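Hi everyone, thanks for making time. Let's look at some charges on a protein chain together, and then at one hairpin.

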Amino acid sequence: MAANLLANYVQVNVMLPLDAVSVDNKFEKGDEIRAQLRKLREAGVDGVMVDVWWGLVEGEAPGAYDWDAYRQLFGAVRDAGLKLQAIMSFHQCGGNVGDVVNIPIPRWVRDVGEGDPDIFYTNRGGARNVEYLTLGVDDQPLFHGRTAIQMYADYMKSFRENMAEFLDAGVIVDIEVGLGPAGEMRYPSYPQSQGWVFPGIGEFICYDKYLEADFKAEAAKAGHPEWELPDDAGEYNDTPEKTQFFADNGTYVTEKGKFFLTWYSNKLIKHGDKILDEANKVFLGCRVQLAIKISGIHWWYRVPNHAAELTAGYYNLDNRDGYRTIARMLTRHRACVNFTCAEMRDSEQSSEAKSAPEELVQQVLSAGWREGLNVACENALGRYDATAYNTILRNARPTGINKNGPPEHKLFGFTYLRLSDELLEGQNYSTFKTFVKRMHANLDHNSNVDPLEPLKRSKPEMPIGKILQAAYPKLEPFPFDENTDLPV
């Protein structure tokens, strides 16, 4: 019976504070974090997740990596008996929801941008976004002779060499590869730093000279040299119907609009594919899984144009599955998809935003499961209440516990956002402990659940046509119960 129940066990990780390593790359809060890690271990938590900031480690000069603070932190995690999920954070910390510290990308990279500001994502008005390099420079050797992808690959190589003891000992089990702002595979379409306010539709962010040249070349190849990037898609805080692009029967359903949206979303998929291929080469043979994060853009989900998803690069419509295409690309690397907003209920959202987080979660998880992937989740906002925990539990095992073996579908893992003193106090802590126990199917902590095989080489590159076949037909999500069978 216990073995059957174990097949229902969902691992729980907790995201460490953004400044677990300080802004000057020191492990200053050692005593405090060690005490917090002990309390997580007492609560039965399986592991922790941490941002490994590029801006700190390679901050001084190209190829000069300082891993000392992270080695101290990882040692503390190991000593607490916890596993570790490491995020390769190639983005800036600061300018997004919940960012309490500011860690820009390396100074010497930003210096390149002084002479060539087009290395940064750019909106139609010309505003640059310095959170993450535009995917337009993925293959441009602009950074002291290296391309963006070579910089990311070199960083991961150095990580592997310097963290070998933690990789070999099975402490590090997950490498989440940052692919955009906030570490998410998306365009920075809704930056708070530039005045975006929920539930604005955001903007297309592809007006740097590199992406613009790429689009013009592709349009010419398709026999339409006259096509330009959209000029009718509005601004960050518009509603869809205020724009020509997203209006009913607007540009997005025309031949030109479909061509643009396909190009825009395909660039993002190829960006993820190329960097995951580099990560796979670096971590070959390690007992880790690669993962990426997809952003939970639940606003305007209930309107036919899905405007906020489209501007972020997710070409998802009522009749087109924009997440299963991403999942299909990930099958090449056997990578895990990590999705957010697992705690949200539709009933908690304002009606004006046409928001549907529950349907979105169900669509994305189903897309991952249909492609045979491990699927993980996070909460988007810090919550300590039973409603949020019970929603996560329902999404973790959509049809509940199976006493005879594995449930038809379950999350591979869940990461709670975020470790704080508040989480570890009083009623919050006791509710959280109950939640962890329920995620574990009421079993005690078990460190041998879902053991990882050594990473094998990625399969050959998949033609984009094969990836895009996953967009149609858009299937109904798998059934999800209304409520969990193991509430906290």
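Let me start with Glu165, which is partly exposed because its relative accessible area is 38%. Here buried means under 20% relative accessible area, exposed means over 50%, and partly exposed is in between, with a 1.4 Å probe and protein chains only. A word on where this comes from: it is a predicted model, where local features need pLDDT of at least 70, side-chain atom pairs count only at pLDDT 80 or more, and totals for chains, interfaces and linings use all residues. Residues are numbered from 1 along each chain as its sequence is written, and side-chain values use heavy atoms, with hydrogens and water left out.

So what does Glu165 pair with? Arg78 forms a salt bridge with Glu165, and the closest N and O atoms are 3.1 Å apart. Arg78 lies in helix H4 (residues 68–79) and Glu165 in helix H7 (residues 164–168), so the pair ties together parts that are 87 residues apart in sequence. Arg78 is partly exposed too, at 36% relative accessibility. For the cut-offs, a salt bridge is a side-chain nitrogen of Lys or Arg within 4 Å of a carboxyl oxygen of Asp or Glu, and helices (H or I, at least four residues) and strands (E, at least two) are DSSP runs numbered from the N terminus.

How many salt bridges are there by this rule? The count comes to 33. Another one joins the side chains of Asp450 and Lys410, at 3.4 Å from N to O. This pair links distant parts of the chain, 40 residues apart: Asp450 is in the loop between H14 and H15, and Lys410 is in the loop between helix H13 (386–396) and S10. Is Lys410 buried or exposed? Lys410 is buried, with a relative accessible area of 18%, whereas Asp450 is partly exposed at 28%. Arg383 and Asp385 also form a salt bridge, with their closest N and O atoms 2.7 Å apart. Then there is a network of salt bridges that links Glu58, Arg146, Asp154 and Lys157.

Now for the hairpin. Strands S4 (residues 120–122) and S5 (residues 128–133) pair in the antiparallel sense over 3 bridges; two strands pair if DSSP finds at least two bridges between them. Tyr121 has Asn129 in S5 as its bridge partner. The hairpin has 5 residues between the strands, and Gly126 takes a positive phi near 95° there.

That's my tour, so over to you!
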